[in-house]
Amino acid sequence: MPLKIVSESRPNTFEFETSALIKPSGFREYDARWWFGHPASAEPPELNLIGVQALGMGLGTLIRRMGPGPDIVTGHDFRSYSLAIKLALVSGLMAAGARVKDIGLALSPMAYFAQFALDTPSVAMVTASHNENGWTGVKMGAARPLTFGPEEMSALKAIVLAGDFDLVGGGSYDFVPDFRKTYLDDLTRDKRISRKLKVVAACGNGTAGAFAPEALARIGCEVIPLDVELDHTFPHYNPNPEDMQMLHAIRDKVLETGADVGLGFDGDGDRCGVVDNEGNEIFADKVGVMLARDIARLYPGSTFVVDVKSTGLFNTDAALRADGAITDYWKTGHSYIKRRVAELGAIAGFEKSGHFFFNPPIGRGYDDGLITAIAICEMLDRSPTSSMADLYRDLPLTFGTPTMSPHCADAVKYGVVERVVSDFQAMKQDGEAFAGQKIADLITVNGVRVVAEDGTWGLVRASSNKPELVVVVESPVSSERRRQMFDAVDAVLRRSPEVGAYNQTF
């Protein structure tokens, strides 16, 4: 009898223990993300362990059909349920004939590195990244250093929900011992800074606590640990360097200790947030401009890829122009930027969320928060007379916002964004004033980025991994223009009653 796949099921029932619960919306644009459940929440789970096993069967089937073969790396992040989820995934993979190499507790970039180090084409990393406790997910790829995009995710979804598995058997399981050391050795090889840097390493009690402090110490930093003890209850704040709560905690520790820089890592270690020596929280797109300047000086004529949420400075900065840098604005999402970096042969890609991608000679093309942290330390090392705040002040002044996310259900969020795009297109066509000026440009590669005549812009897009929208605003003119643009964008959003409250504003 084939496995029964259901989209809804209540715990503590016969059906929950005998059926594969997999809510279809968990198959997202470039990874999988489900609410697994939490004792403090009444929200019903979207996935159970039998569902995870079915996901493994589907993934094992897909990688064989795609052609890279049966070999795959797995790892898991530090949450109370991640190991159980990984083992359920592994059992499904093996049923579909996969030869599994398990690197154990890991960061996502450590799993990506394992694809190269263990010469294994595919990867399945069990992680909910920065999502709150109760969430789980899997980041997958079958063509290193790339991760799945919409095409692969659609194929996986179709296989799993139809139970269309090739259960050929013959799978195997190997645990790879001491891979943490292999990863850290590779990360820090030939990386030594001469400048004495005092660095706050903030990990939000997430997985990065087992890796980041040692990596930074190995390259010669004096490390000030902040919430590096592994604790999957996340007692202080969620390990998310886009959240102001984590950034404020880093700021306070930097000011208390007189550190040169504060670096914050998300739950699976593929992102890095930055606070300068004066306690300023530098949004990741501005950090990207600083790193692009440093890289373009070393490699003139470099190409960079950035996401549509990022500052306009990548196009307008005189220092980048002087070094012949070229920037391509692309879709938000780690898989999209990673793929675009590979397509264009760009030296680096930067996302406002803090996913940074470095191609050789800096990295291997995937996103790694520790490689980003090391690159920041090397940038400071190459600027011995400048502090992080000096380098930040040297950028042209713009007035930006954090990433703000109003709630919007997965089932309707893309429809809401389509309506918003249509509204803006109609305004532009009619020559209507918006936020006090005519619309100079609409960028619709991913949601819509509406640009005013003075360069002030606002972005609306659907989140790829949570039931919410994403809103970002920036003005090169003033904080008043920033506010004016935000209020105007928000007024358009409020035409849709499905749009809820923001998680944070400015």
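**Loops, Buried Residues and Helix Pairs**

Good morning. I begin with D119, which lies in the loop between α4 (108-117) and β6 (122-126); helices (H or I, at least four residues) and strands (E, at least two) are DSSP runs, numbered from the N terminus.

Residues are numbered from 1 along each chain as its sequence is written, and side-chain values use heavy atoms, with hydrogens and water left out. The model is a predicted one, in which local features need pLDDT of at least 70 and side-chain atom pairs count only at pLDDT 80 or more, while totals for chains, interfaces and linings use all residues.

D119 counts as exposed because its relative accessibility is 56%; exposed means over 50% relative accessible area, buried under 20%, and partly exposed in between (1.4 Å probe, protein chains only).

A435 also has a positive phi of about 50° without being a glycine. Its place is the loop between β19 (433-434) and β20 (437-443). Is A435 buried or exposed? With a relative accessible area of 10%, A435 is buried.

Next, the cis peptide bonds. One joins R144 and P145, with omega about 0°, and P145 is found in the loop between β7 (135-141) and α5. Another joins P360 and P361, with omega about 10°; P361 belongs to the loop between β17 (356-358) and α13.

I return to strand β6 for V123, which sits in that strand. V123 is buried, its relative accessible area being 0%. Which residues is V123 in contact with, leaving aside its neighbours within four places in sequence? They are I72, V73, A111, Y112, Q115, K139, M140 and G141, where contact means heavy atoms within 4.5 Å. By contrast, I also looked along the chain: V123 and R393 are 270 residues apart, and their C-alpha atoms are separated by 41 Å.

I turn now to the helices. Two packed helices are described by the angle between their axes and by the distance between those axes.

Helix α2 (residues 49-66) and helix α5 (residues 150-162) pack at an angle of about 125°, with axes 9 Å apart. Axes are lines fitted to C-alpha atoms, for helices over the stretch in contact, and angles run from 0 to 180 degrees between N-to-C directions. The two helices, α2 and α5, are therefore oblique to each other; under 35 degrees would be roughly parallel, over 145 roughly antiparallel, 65 to 115 roughly perpendicular, and the rest is oblique. On the α2 side, A54, L55, G58, L59, T61, L62, R65 and M66 take part, and on the α5 side E152, A155, L156, I159 and V160. These residues of the contact divide into 9 nonpolar, 2 polar and 2 charged; Ala, Val, Leu, Ile, Met, Phe, Trp, Tyr, Cys and Pro count as nonpolar, Asp, Glu, Lys and Arg as charged, and the others, Gly among them, as polar.

Finally, helix α13. How many of its 13 residues are buried? The number is 12, so α13 is mostly covered. Among the buried residues are G369, L370, C377 and E378.

The axes of helix α9 (residues 284-298) and α13 come within 10 Å and cross at roughly 60°. Consequently, α9 and α13 are oblique to each other. V287, M290, L291 and D294 of α9 make the contact with T372, A375, I376 and M379 of α13. By class, this contact has 6 nonpolar, 1 polar and 1 charged residues.

Thank you for your attention.
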